[in-house]
Amino acid sequence: MTGKGERVPATGREAALCALLEWERRRVWAEDALKKQLERAALERREAALATRLVFSVLQNKNLLNWYINNFTRRKLDIEVRVILQLGACQILLFERIPDSAVVNESVKLARQYCENPGVPGFVNAILRNVSREKDTMALPVDLATRYSHPQWLVNELTKRRSPQAIQAVLEWNNSPAPTTAQVNILRTSAEQLRKELETGGVLAEPHPWLPDCLELRRTGDMRRLPCFQQGSFYIQDAAAHLAVLAMKLQPGMRVLDLCAAPGGKSFAAAVAMKDRGEIFSCDVSPERVALIEEGARRLGFRSIHTQTQDALQRRENWREGFDAVIADVPCSGLGIIRKKPDIRYRPPDLLVPLPKTQSAILENAAYYVRPGGILLYATCTLLRRENEGVTEIFLKNHPEFSLEEFHVPDPVGKAWKGQITLWPDRYGTDGFFIAKMRKAE
């Protein structure tokens with residue numbers, strides 16, 4: 001069973017198949033593979049939305065879909081066949097509005113287009129009809145790794161920190177659809193005015209449940225085409241990342257360094273908090289990533305942001321003790337944002353082993369730039385202790401001049417008495433995130 005070569009997708013299902021095949025073969029980010037296929041296909045909006053939902057749903061439920069498929073065949077399947085079956089089973093099991101018969105017919109059509117073996121279409125037809133026939137009588141797998149399509153090692157790691165019931169809630173959250181979270185640029189508009197403008201453009205916008213000047217968006221389409229986006233009325237940032245900036249209590253006139261800034265969300269939040277008065281040095285490792293920050297700052301109208309290409313691991317002697325606040329939102333495993341990047345869960349765990357060493361080195365550099373009495377903020381978008389408290393504990397042991405400082409952010413998060421907090425998505429409805437606020441002695 002071999003593929004027939006690259007075609008230009010004509011339907012949403014075909015675009016999803018091509019994107020998933022590229023992800024399987026090259027392990028590129030699924031979001032990038034999907035974007036490439038949608039640009040090639042130029043599908044109408046409904047078909048593009050179907051392709052997007054299919055790609056995310058398959059990646060969110062890959063282990064479970066394979067479990068269903070394997071109940072009806074023990075054959076070793078070529079990757080094209082496996083993905084076609086995953087797409088079909090996903091629609092039969094998880095999509096309510098599409099008739100099973102239509103799913104089977106469309107899947108057989110994909111098999112004819114993408115598989116040279118003439119027996120594959122009949123095989124696909126038989127497997128998916130079995131899935132359809134048995135879907136209401138088969139008991140779901142008991143183990144969480146299969147049921148929620150997370151690697152067993154990650155389930156084991158999380159279970160060390162929370163109860164099995166809580167971990168199940170986290171896994172369910174990771175597989176749920178994520179709204180787009182928009183922070184209002186209150187230096188240009190208000191939340192209510194922005195909401196009206198978004199709804200005029202066909203976007204569903206609701207106030208965030210507890211974070212002021214924040215909206216949750218659905219049916220956004222291509223946001224870049226919205227006039228209010230082009231006019232700099234908002235930027236995209238999860239509530240958790242925004243809380244990290246609120247924790248610092250920045251004031252106008254401060255001098256702030258954002259070491260790993262791209263695409264710029266925390267720098268933008270800092271500019272709003274400082275009323276665009278002061279200096280924010282927004283850095284990242286490559287000119288391409290820095291260009292993203294510059295583009296966003298221009299669109300939002302922030303003059304306090306100064307960009308620079310700078311590796312956070314390389315020390316700048318001329319920045320020594322030069323900043324009132326330094327943000328180190330370090331590269332991490334990203335396991336707190338699985339809901340938005342479902343393929344993160346499938347990265348080999350050995351790739352994550354070196355991360356704490358890199359994170360500690362960046363934190364060391366960040367501390368070097370904090371003036372006496374200044375703030376050092378350490379943040380990640382992961383839930384693993386070794387990348388969070390494990391890093392800050394070693395740092396504080398080696399740097400007695402720094403201490404954790406309690407902070408207060410909007411409820412339900414409220415006060416972090418110990419100066420650091422893990423934001424669990426099932427508790428707060430945010431990305432999984434870690435924030436530690438440290439103060440340098442005068």
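The lining of the second largest pocket comprises 13 nonpolar, three polar and two charged residues, where Ala, Val, Leu, Ile, Met, Phe, Trp, Tyr, Cys and Pro count as nonpolar, Asp, Glu, Lys and Arg as charged, and the others, Gly among them, as polar. Of these 18 lining residues, D213, H242, L246, V272 and A273 lie nearest the centre of the pocket. A pocket is an open set of points on a 1 Å grid over the protein atoms alone where a 1.4 Å probe fits, with protein on both sides within 12 Å along at least five of seven lines, and lining residues have an atom within 4 Å of a point. The model is predicted, so that local features need pLDDT of at least 70 and side-chain atom pairs count only at pLDDT 80 or more, whereas totals for chains, interfaces and linings use all residues. Residues are numbered from 1 along each chain as its sequence is written, and side-chain values use heavy atoms, with hydrogens and water left out.

Among the aromatic residues, Y378 and F434 have ring centres 6.3 Å apart and planes at 70°, so the pair is edge-to-face (centres within 6.5 Å for a pair of Phe, Tyr or Trp rings, the six-membered ring being used for Trp, and planes over 60 degrees apart for edge-to-face). Y378 has a relative accessible area of 0% and is buried (under 20%, with a 1.4 Å probe and protein chains only), and F434 is likewise buried at 0%.

Elsewhere, ring pairs link F281, W319, F323, Y368 and Y369 into a cluster. The charged end of R315 sits over the ring of Y368, 4.0 Å from its centre (CZ of Arg or NZ of Lys within 6 Å of the ring centre and within 35 degrees of the ring normal).

Definitions and conventions: Rings of Phe, Tyr and Trp (its six-membered ring) pair if their centres lie within 6.5 Å; planes under 30 degrees apart count as stacked, over 60 as edge-to-face and the rest as tilted. Buried means under 20% relative accessible area, exposed over 50%, partly exposed in between (1.4 Å probe, protein chains only).
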